[in-house]
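Trainee: Could we go through this model together, one residue at a time? I'd like to learn how to read it.

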Amino acid sequence: MSMILFACVVRVRDGLPLSASTDFYHTQDFLECRRRLKTLALRLAQYPGRGSAQGCDFNIHFSSSGDVACMAICSRQCPAAMAFCFLETLWWEFTASYDTTCIGLASRPYAFLQFDSVIQKVKWHFNYVNFSQLESSLEKIQEELECQPPTVLSLEDSVVANGVMNGHTQMHAEPAPNFRMEPVTALGVLSLILNILCAALNLIRGIHLAEHSLQVAREEIGNILAFLIPFVACIFQCHLYLVYSPARTTKVVLMLLFICLGNVYLHGLRNLWQILFHVGVAFLSSHQILTRQLQEKQSDCGV
């Protein structure tokens, strides 16, 4: 079994998670340890340098310098020197990849999620490489720990700091992050108005064609669908712009595809300028959806 189970990089001043490994265990004890790691991340400014929070089955180790801290959840069998050697290596890798300006300006959690590949690489190296290859580095860290021992906490300390008294753990499910979108821009409002206009045009033409087709022929069903499907897609584009949704990029591409195909199908019923107008509005709306960033309340941004 691996001794280093989970690792993350956080900003010290507010505990904002900058990056984290994506593979972690799903046992109840481990998930509880991760919840306490989140709370501890918010208090790192109180514990400069190295520290450890000890639990029954897992230990949390952290090492901070400047405004960047690295944290890890390790098994009880993992030597402290190995854990801090891993964290120091991770810290150097991260600070070499991103400057302090980028780190300071990060406004949303996991802004450097692509660093996960480096975390995985370093974690694998420390978990599976022979100890003899790390001997010199471990000896150096061990000497530093003897000269300046890390701050030792218990995992219960993070619970009390989070407002739970008498040693009782506050049990609650981890809710989905409470996302809020950035303010709507003038161009975003314009895209909404044009999208609603396109939706209305599609709906009116679709209903009118449906009423006419009931008396004429069934061959018009394809044209009716070519009006009504883009109508639904336009409304859904408005929804995607106003409300955050998971897999947003995939949904935007699908809606854009429906609108483009519908208008191509209607080439005989619409002239070129009408088709270009509808497709242009769809592209504008798609661009506005993808460029409107989400924000998360800082109080919910623990690791």
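Trainee: Is R50 buried or exposed?

Mentor: R50 counts as buried, because its relative accessibility is 19%, where buried means under 20% relative accessible area, exposed over 50% and partly exposed in between, using a 1.4 Å probe and protein chains only. Keep in mind that this is a predicted model, in which local features need pLDDT of at least 70 and side-chain atom pairs count only at pLDDT 80 or more, while totals for chains, interfaces and linings use all residues. Residues are numbered from 1 along each chain as its sequence is written, and side-chain values use heavy atoms, leaving out hydrogens and water.

Trainee: And which side chain does the side chain of R50 make a polar contact with?

Mentor: That is the side chain of E144, at 2.7 Å; a polar contact is a pair of N or O atoms within 3.5 Å, and within protein one must be able to donate a hydrogen and the other to accept it, with residues adjacent in sequence counting only if both atoms are side-chain atoms.

Trainee: New topic: how many disulfides are there?

Mentor: The structure holds 0 disulfides, a disulfide being a pair of cysteine sulfur atoms within 2.5 Å. For C8, the nearest cysteine sulfur is that of C70, 8.1 Å away, and for C78 it is that of C74, 4.1 Å away.

Trainee: Is C8 buried or exposed?

Mentor: C8 is buried, with a relative accessible area of 0%, and C78 is buried with 5%.

Trainee: What is the mean pLDDT of the protein?

Mentor: The mean is 82, and 84% of the residues reach 70 or more, on a scale of the predictor's confidence in each residue from 0 to 100.
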